[in-house]
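Colleague: I'd like to learn how to read a ligand site in a model like this. Can we go through one together?

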Amino acid sequence: MIRFNQLPLRLRLTLLMALLLTTASILLMMTSVFAARDIYKQDFQRIEGRPEEFLSRKPIVPLRPGAAVIQNDREFTTVGIISTIIVIVVGTGLTYLIAGRALKPVTDLSQEIEEIGDNNLFRQVRVPPSNDEVSKLSRSFNRMIHKLEKMFDAQKNFSANAAHELKTPLAAMIANIEVLQLDDRPTVDEYKETLEDTLKNAQRLSHLVNDLLKLNAEQSVAIYEKIEARDMFGSIIDELLQPIQSKNIRIDDRTADVQLYGDKPLLYRAFYNVIHNAVKYNKPNGVIIIAAAENADNTRITIFDTGIGIPEDQLDKIFDPFYCVDKSRSRELGGSGLGLSIVKMVIEKHGGEIQVQSVADVSTTIVIRLPKPRNKDDR
Ligand code: ATP
Ligand code: MG
């Protein structure tokens, strides 16, 4: 059996109105019939008792003998019932028509949405000129479609970039092996060279796949550990010692006595990526300053480098996956443009924020704010 709230809105409104009309009309009819009967009865009794007094005034209905009064009463009731039925039928019909008109914009909107299919997934619906709920709903729907379109495009770009990044080292590996196969008698040195190249490309692939996995992992920050900033940054600097020394970069670590709170491996990876960039894009004999400060609510970490900088118009793009200011240079340095996307994802998962300031060819400053746990016992 169909339940009332499963019926179309127009029908529900009509049925409710019919119920209301029926109740009101029946009540009204009953009241009139009983009131009329009462008057007949009283008049009849009074006439029978003191006819001369009542004959002098005009009664509500012409006075007739008892049987005629009963007949009159029946007629009155019948007319009442017929009028009630007419009121209910006409009222219900009118309600159905009016509800149909009032709900037309909703019906149109739902029809437009139903017409959206695979081939016109991001079609915007028409916004009615009125400023009512339906026009607000249409606008909200269009906004949602626009956001979905942007997300869909970003996802498509991400897949295309990922495929391209994976294809490049694979193509290089295949080309190297094919060149070796063309040689009838390759020397040991040629084998060695091909192996070295293959290893380098395989490492690049593995690095890329790891980054992709990290970026897509639905990892949430479960535990907020207390981390000594100095220890964490010390380990990162140790890990990057080889490129730091080869470029003769001076590191100024000003993070003593500051604590961070969060998922240790995730934060380590995020800060490693930022400092790695500060080293990678630094100039020979450059400087890196890592500073930390805390207040009651958060810890602020600033990483400054005297490197090549980032042009102003590209500052907001460097957090997009696979974005590199200079693609060929990044590739030469073994990068794929995923580092800062991972940093942003990690910092946002911690409820923090990341900002970048830079002067092209002079310096870059990355500022990261991490919130402290609300509960003081966790600190
Ligand atoms: P990956 O980190 O994946 O190895 P990547 O370093 O190229 O590769 P990101 O770390 O995401 O990628 O950085 C994106 C781009 O932003 C870099 O290609 C570089 O052009 C620019 N960039 C980032 N940090 C700096 C910096 N400290 N100085 C100058 N440019 C930077
Ligand atoms: Mg990087």
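Colleague: How far is an oxygen atom of ligand 1 from a polar backbone atom of serine 336?

Modeller: A polar contact is a pair of N or O atoms within 3.5 Å. Here the distance from the ligand 1 oxygen to serine 336 is 3.1 Å. Valine 325 also puts a backbone N or O atom 3.1 Å from an oxygen atom of ligand 1. Threonine 364 uses a polar side-chain atom, 3.4 Å from a ligand 1 nitrogen. On its own, ligand 1 exposes 590 Å² (Shrake-Rupley, 1.4 Å probe), and the protein buries 96% of that.

Modeller: Ground rules: this is a predicted model, where local features need pLDDT of at least 70, side-chain atom pairs need 80 or more, and totals for chains, interfaces and linings use all residues. Residues count from 1 along each chain, chains are lettered from A and ligands numbered from 1 as written, and side-chain values use heavy atoms, without hydrogens or water.

Colleague: Which residues come nearest to ligand 1?

Modeller: Near means a heavy atom within 4 Å. Of the 19 residues around ligand 1, those coming nearest are Asn277, Tyr281, Asp305, Ser330 and Leu340. The shell splits into nine nonpolar, eight polar (Gly among them) and two charged (Asp, Glu, Lys, Arg) residues.

Colleague: What does the C-alpha trace of the protein span along its principal axes?

Modeller: About 140 × 60 × 35 Å.

Notes:
A polar contact is a pair of N or O atoms within 3.5 Å; within protein, one must be able to donate a hydrogen and the other to accept it, and residues adjacent in sequence count only if both atoms are side-chain atoms.
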